[in-house]
Amino acid sequence: LNAKQNLALANLIPTYIKKRDFKKAVAFGEQAYSVMPGNQSVSINYAAALLQEQSYGKALEVLKPLFSESEPHVSVLSGMISCYRGLFLKNEAEKYLEIAERHFGDKHEIMRLKADTLAESNPESAYIAFKKALEKEPDNVATRWNMSLVQLRMGKFEDGWLNYENGLLP
């Protein structure tokens, strides 16, 4: 493939993620990653598709070489945290979440990951973290839906059911 074809191939990954056709996103991601393994954008998009397919181990293989503790990339960190959470490796998830908070603590994505991580062990803190994340992105459907699960667990039924219904994707 020439450079133009490689670019077209790489652009198919986020296209199919947006279409919620994760199998195709992974298939195009595998192809693009095989011809451009050093391309950060390709790697991040491929890992995002793998995460949607719950291929956490493979996504970690793709993301780990991109990680730099001194100059981390928010998408790499967020993907790694999601992988470790999916693999039930709580200590690793928390280690990378601490790094993410140090570098990107004010970003919605990191606030939501913190809230998701706290949801089981500390619903009150998770609820506060979700509210802070929603201050950054009030219309974020995924954050609102995740918060609804915490609200329902805490007995905040009126707001919990409202956020649950508003968070359902079509």
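Tutor: Let us begin with Ser43, which has its place in helix α3; helices (H or I, at least four residues) and strands (E, at least two) are DSSP runs, numbered from the N terminus. This is a predicted model, in which local features need pLDDT of at least 70 and side-chain atom pairs count only at pLDDT 80 or more, while totals for chains, interfaces and linings use all residues. Residues are numbered from 1 along each chain as its sequence is written, and side-chain values use heavy atoms, with hydrogens and water left out.

Student: Is Ser43 buried or exposed?

Tutor: The terms rest on relative accessible area, found with a 1.4 Å probe on protein chains only: buried means under 20%, exposed over 50%, and partly exposed in between. Ser43 counts as buried because its relative accessibility is 1%.

Student: Which residues does Ser43 touch, if those up to four places away in sequence are not counted?

Tutor: Contact means heavy atoms within 4.5 Å. On that basis, and not counting residues up to four places away in sequence, Ser43 touches Tyr33, Pro37, Val62 and Leu66.

Student: What span should α3 have, and how far apart are its end C-alpha atoms?

Tutor: The expected span of a helix is 1.5 Å times one less than its number of residues. The 13 residues of α3 should therefore span 18 Å, and its end C-alpha atoms are 18 Å apart, which agrees.

Student: Which residues of α3 are buried, and which helices do they pack against?

Tutor: An α-helix has 3.6 residues a turn, so residues three or four places apart point the same way. In α3 the buried residues are Val42, Ser43, Ile44, Tyr46, Ala47, Ala49, Leu50 and Leu51, and the buried residues of this helix pack against α1, α2, α4 and α5. Gln52 is also found in α3, but Gln52 is partly exposed, because its relative accessible area is 42%.

Student: How many residues does the largest nonpolar core have?

Tutor: In soluble globular proteins, nonpolar side chains tend to be buried together. A nonpolar core is a set of buried Ala, Val, Leu, Ile, Met, Phe, Trp, Tyr and Cys residues joined through side-chain atoms within 4.5 Å. The largest one here has 36 residues, and those with the most contacts inside it are Val42, Met80, Cys83, Tyr96 and Ile110. At least two residues of this core come from each of α1, α2 (22-35), α3, α4, α5, α6 and α7. There is also a second, separate core of nine residues, which includes Ala119, Tyr127, Ala129 and Phe130.

Student: What is Tyr96 in contact with, leaving aside its neighbours within four places in sequence?

Tutor: With those neighbours left aside, Tyr96 is in contact with Phe67, Leu77, Met80, Ile81 and Tyr84. We can compare this list with the case of Ala93, found in helix α6, which is buried because its relative accessible area is 2%. Leaving aside its own neighbours within four places in sequence, Ala93 is in contact with Ile81, Tyr84 and Arg85.

Student: How much space lies in the largest pocket, and which residues lie nearest its centre?

Tutor: Rolling a probe the size of a water molecule over the atoms shows where empty space is left. On a 1 Å grid over the protein atoms alone, where a 1.4 Å probe fits, a pocket is an open set of points with protein on both sides within 12 Å along at least five of seven lines, and lining residues have an atom within 4 Å of a point. Grid points are joined across faces, edges and corners, and a volume is the space filled by probe spheres set on the points. About 1700 Å³ of space lies in the largest pocket, which is lined by 45 residues, with Gln52, Ser82, Arg112, Leu113 and Asp116 nearest its centre. Of the helices, α5 gives the most to this lining, with seven residues.

Student: How do the residues of that lining divide by type?

Tutor: Ala, Val, Leu, Ile, Met, Phe, Trp, Tyr, Cys and Pro count as nonpolar, Asp, Glu, Lys and Arg as charged, and the others, Gly among them, as polar. The lining of the largest pocket divides into 21 nonpolar, 13 polar and 11 charged residues.
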